[in-house]
Each structure stands twice: as C-alpha cells, then as structure tokens.
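Work through the exercises below with the sequence and model open. Try each task before reading its solution.

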Amino acid sequence: MTESDRGDTATSETLLEVRNLTKYFYERDSITDRLLGQNPVAIKAVDGLDFDIGRGETLGLVGESGCGKSTAGETLLRLQEPTEGVVRFDGENIYDLGSGELTKFRRNAQIVFQDPFSSLDPRMTIGETVRQPLDVHNWPRSDGNVGVERSDKQLRTARVKELLNRVGLSGDQFDRYPHEFSGGQRQRVGIARALALDPEFVVLDEPTSALDVSVQAQILNLLNELQDEFGLTYLLISHDLSVIRHICDRVAVMYLGEIVEIAPSEEIFTNPRHPYTEALLESVPRVNIDEKDRDIETLTGDVPSPRNPPSGCRFRTRCPKIIPPADVDLSQEEYRAVVTVLDRIRGRELDVEGAREFAAEESDGDVDDATVVDSILTRMLDVDLSAQPPHRERVREAVTAAVEGDWDRAEETLSTYRSLCEKVTPELQPGHTHPAACHLLDQPDDVERAIRDAEATAPDPAND
C-alpha cells in the first residue's frame, strides 16, 4: 500500500500527518553484547502507526497500559527518535528539521505530562517553571517584539502571571514551590507551562490519571475552554474511556503498538467494529441500575510481550471472535481453548516439570507421563472436550509429545488448528471513515491476496 493510501486522507486543514511511525527499543545491544556475538532483541513499542489530526481537532489515543501510547506521543514530538516513519507538522517532516527549525517546531508543539508530581522541578518556583520556556526561546524577542517600557524579565513575569490566572491559579502564587500545591493545582501549572509559547499542538499524556474524579472534571473543562480560546489541537492519550468520550472528536484504539480501529468518538462508543474495542467498552462500569446484574465478559489471557508479538493479528491470542479453520467444528469457546494450548506449546511455555512435581505431590509418589499429561490438561483446559473426541485426543497427543520433550511434534500435531488470524495480518481499510483492522471485516486488496496465498478462507465480511 502506498503512503498516500494509508491512514486517514489528509486535507488542507490537516495539521499533523503520521505515517508508519515506528519506535523500537533494543536489549542486548551494547558493545559487550556484540563482542560476545549476541543479537539485539527489539522491543516493538510502536509499530507502524498511521493517522492524521485536523487543525483544532482532539484525537484520543486509547488502549491498555503498556500498549505504546505514551511512546507514540513522545516520538511524534521528537522527544524520542523514531526507528522508522514520517511525521509532518504543517506539511514539514519534523525528522528532517535542523536545529533552528526544530527549535521553531518546539515552540508550536508542547506536552502536558502524566504525573503532576514528578514533572515539576521541586527546586524551582512555579513562576520559574512556567517562565523557563520563555527564557529558553528568548521570548518576546523571538516573536519580533522588543519591550521598550519594560524589560524582557518584566514582560515574561507578566506573561507567567497571566497564564497562571488563566488556568485557575493566582499570579500571586508566582513564588511558591510545587510542594505547596495539590495534584490538580500542579497539573494546572503544567498546562500553563505548555501554553507559555502559544503553541498550536499539545500532546496531553494521561493529564488526569493521577487526579481525583472531581478534579479530573475541572481539568478537562479547562482544557476544552483553552482549546476554544487559543485554537489548540490536541492528541489526548488515555486509558480512561470516560475521559476520551468527554473531550475527543475522534478516537484511535491501540493494542500492542498498533492502531486497530479509528473513528469519530460517538461512533466508537455506539458502534465499535473491532473485537478489542468491544472488549474495552464492555469492561467500563455502568451507572444504570438496570445493568447491575450484567455479566461482564473479561478478556482471557495475558497481553503478549512486545519483544515477540504474535504473528498476524496481535489480538488473536485473547480475541473472543478468533476465526477457526473452515473444517474445524468447534464452538468459539472450545476453539479458543485449543488455540491457547497451541500458543503455549509454540512458545515452549508448558511447565512440564512443575506439572510433574504437582502431580507427584497429589499422588505421594513418582508419576508417569500420562499422569503429568492429565495434570496439564486439567489445569489448562477450561472447557470440556469430551463431546469432541477427535479434538480431545489430538490435544492430548500434542501435550504428550511436549511432556516427552518433542516440541516440534507437539506443534505439528495441532497445526491444523491454525487460524486465518494467525497467518495474515489485517490492516485498516484505506479511505474508510471508520476503519478497523480485523478479518471479520472487508480488507484491502493486498490483504485479500495474502489470504489467498496462505490458502486460507476468510468468512463472509460483516455488513459495513
């Protein structure tokens, strides 16, 4: 797919264009490791993000903790250098900017950090903290304004007090230190610092997560007012869906370094298309007493490691709608259980020795391999496959091979259960107002070709 086909279609009102944004961190990458012949291990924190943000818009970036949201925000501001990708701010690729142009970009793009306690220097007064960007960028002379009646210091002090008043503090608090303020007040200081140079774009990195609920509402209302007053564009990073719904125009949902769905905010909440988005919304507590007995279906399994993310759809290891092969006659719950065993075998994650010790303790003596297999199946399978004898025996054969140490044979025994979701990576549909990367939906032509090449058959696409 060409660059112009990916993500949202840019318009004349687009302020920020992100294409294939990738950020890997590496382990075992020191000189010593290289001398010892060890290969670097990539931690894929952000892996190929594509999205646009319109001028004056608020885009929410939502997902579980550790999915790469904050790293994405820092990388698109060039606080971290990317591994790959392009970020265009007002038409210019920020990764090609020289020092002078980068300084200009820094003035137009700011960030409000997540922790209002650690993001402020305890040795600086809040006045000095808010004034620091003005000092660094030589404001107001850098704007072409030279004070005649007042010195630069006086102009900067006046600017700081004006900002403090605007964010709900008092200019009289200029000489106070951070420890004299509450969490909500400290976050207001952080917002004032971000606005000091009159930026166009602000990344809000979990700006309310460390605050009480009542204070969260105050900060969110303040951010809305400031956006209207100063014409700001926001990227709001959060795992709190209520915050996202309150303030965002559009929402991008992230999972394990990738965007799996992006759409207008209200549409995400009323018509989610990706199973992961559905699971996130299902987990939100409801205040309606009519739903007090609602059975919440939580996601099973652990979030995979970004060191070795799953092939194909990264959500497939936890997805409640994983697509089974056409010739596998199992219910979704039964198939999910079998695939979990396959994934554990593939990752060599069956604790055979632990199962042997557990079985030995239960029987007060030595145990044979068959008893160990029974112990593993009892602890791993949360469904009863007795009504499916061929599948039950195949799973037992695979676990038996693993207990005997023949992991390759164990994996091969269950290879017929490999899902389309494992073989081919789904993509966001180009040009779609509500794209979602899922094989249950229509896929781009290159993905359909990959499906045919893998000799897999997709189900009938859902009606869009």
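This is a predicted model: local features need pLDDT of at least 70, side-chain atom pairs count only at pLDDT 80 or more; totals for chains, interfaces and linings use all residues.

Residues are numbered from 1 along each chain as its sequence is written, and side-chain values use heavy atoms, with hydrogens and water left out.

**Exercise 1. Find the order of the strands in the open sheet.**

Step 1. Take strands as DSSP runs (E, at least two residues) and helices likewise (H or I, at least four), numbered from the N terminus.
Step 2. Pair two strands if DSSP finds at least two bridges between them.
Step 3. β1 (residues 14–27) and β2 run antiparallel, joined by 11 bridges. Val18 has Phe51 in β2 as its bridge partner.
Step 4. β4 (residues 84–89) pairs with β5 over 2 bridges, also antiparallel. Here Phe89 stands opposite Glu92 in β5.
Step 5. The order is β2-β1-β4-β5. β2 and β5 (92–93) are the edge strands, each pairing on one side only.

**Exercise 2. Why is strand β2 largely enclosed?**

Step 1. Call a residue buried under 20% relative accessible area, exposed over 50%, and partly exposed in between (1.4 Å probe, protein chains only).
Step 2. In β2 (residues 41–54), 11 of the 14 residues are buried, so the rest of the structure largely encloses the strand.

**Exercise 3. What share of the protein chain is buried?**

Step 1. The chain has 464 residues, with 17 helices and 10 strands.
Step 2. Buried residues account for 48%.
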